[in-house]
Amino acid sequence: MQMNLHIASRAEIKNAWAFAVSPVRRKRQSIKTRNQAIITACSKEAKILGIQAGMRVQEARALLPELRVLVYGRT
């Protein structure tokens with residue numbers, strides 16, 4: 001089993017972002033609802049740090065607490 005250890009630089013952390021879609025449609029979203037949102041796209045820096053499309057925001061924040069996430073609702 002091969003493991004790659006990647007130490008993140010400040011620039012990678014600063015430039016990490018992701019888009020996520022909310023699982024429920026509401027006018028106002030609670031923190032719990034935002035954490036259940038599913039990531040649909042993310043930056044190259046976020047991918048290097050282990051964030052992937054299909055993850056829940058809560059899981060992504062466990063890997064990278066500084067991750068900037070834009071959550072949009074379903075139409």
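Valine 69 is found in strand E3. The model that holds this residue is predicted. The chain has 4 helices and 3 strands. Along the sequence they follow the pattern α-β-α-β-α-α-β.

**Valine 69 and strand E3**
- Valine 69 touches Ala18, Ala20, Val57 and Arg61, leaving out residues up to four places away in sequence.
- Valine 69 and alanine 20 are 49 residues apart along the chain, yet their C-alpha atoms are separated by 6.8 Å.
- Tyrosine 72 also belongs to strand E3.
- With a relative accessible area of 38%, tyrosine 72 counts as partly exposed, because that class runs between the 20% limit for buried and the 50% limit for exposed.
- The contacts of tyrosine 72 are Phe19, Ala20, Val21, Ser22 and Thr40, once neighbours within four places in sequence are set aside.

- The 3 strands form an open sheet in the order E2-E1-E3, with mixed pairing.
- E2 and E3 (68-72) stand at the edges with a single partner strand each, so one side of each has no neighbour in the sheet.
- From one strand to the next, the twist averages 30 degrees.
- E1 and E3 run parallel and pair over 5 bridges.
- Tryptophan 17 has arginine 68 as its bridge partner in E3.
- Alanine 20 is bridged to valine 71 in E3.
- E1 and E2 pair in the antiparallel sense, over 4 bridges.
- On that side, alanine 18 has cysteine 42 of E2 as its bridge partner.

**The nonpolar core**
- The largest nonpolar core has 14 residues.
- Which residues have the most contacts inside this core? They are Ile39, Ala46, Ile51, Ala60, Leu64 and Leu67.
- Strand E1 (17-21), strand E2 and helix H4 (57-63) each supply at least two residues of the core.
- Isoleucine 39 touches Ala18, Phe19 and Ala20, and also Ile51, Gln52, Ala53, Gly54, Met55, Val57 and Ala60, not counting residues up to four places away in sequence.

**Serine 43**
- Serine 43 sits in the loop between strand E2 (38-42) and helix H3 (44-48).
- Is this residue buried or exposed? Serine 43 counts as buried because its relative accessibility is 3%, and the cut-off for buried is under 20%.
- Beyond its neighbours within four places in sequence, serine 43 is in contact with Asn15, Ala16 and Trp17.
- One of these contacts, Trp17, is the residue bridged to arginine 68 in E3.

**Alanine 8**
- Alanine 8 lies in the segment before helix H1 (10-14).
- Alanine 8 is partly exposed, at a relative accessible area of 29%.
- Setting aside neighbours within four places in sequence, alanine 8 contacts Ile13 and Leu49.
- Alanine 8 and alanine 46 are 38 residues apart along the chain, and their C-alpha atoms are separated by 10.0 Å.
- Alanine 46 is one of the residues with the most contacts inside the largest nonpolar core.

**Whole-chain figures**
- The chain has 75 residues, and buried residues make up 28% of them.
- Its accessible surface comes to about 5,800 Å². Carbon and sulfur atoms account for 52% of that surface.
- Take the contacts between residues at least 6 apart in sequence: 48% of them join residues at least 24 apart.

**Confidence**
- The mean pLDDT of the chain is 80. A value of 70 or more is reached by 73% of the residues.
- Where is confidence highest and where is it lowest? Confidence is highest in E2, at 93, and lowest in helix H2 (residues 31-35), at a mean of 64.

Key:
Residues are numbered from 1 along each chain as its sequence is written. This is a predicted model: local features need pLDDT of at least 70, side-chain atom pairs count only at pLDDT 80 or more; totals for chains, interfaces and linings use all residues. Side-chain values use heavy atoms; hydrogens and water are left out. Buried means under 20% relative accessible area, exposed over 50%, partly exposed in between (1.4 Å probe, protein chains only). Contact means heavy atoms within 4.5 Å. pLDDT is the predictor's confidence in each residue, from 0 to 100. A nonpolar core is a set of buried Ala, Val, Leu, Ile, Met, Phe, Trp, Tyr and Cys residues joined through side-chain atoms within 4.5 Å. Two strands pair if DSSP finds at least two bridges between them. Axes are lines fitted to C-alpha atoms, for helices over the stretch in contact, and angles run from 0 to 180 degrees between N-to-C directions. Accessible areas come from the Shrake-Rupley method with a 1.4 Å probe; for residues, only the protein chains shown count as cover.
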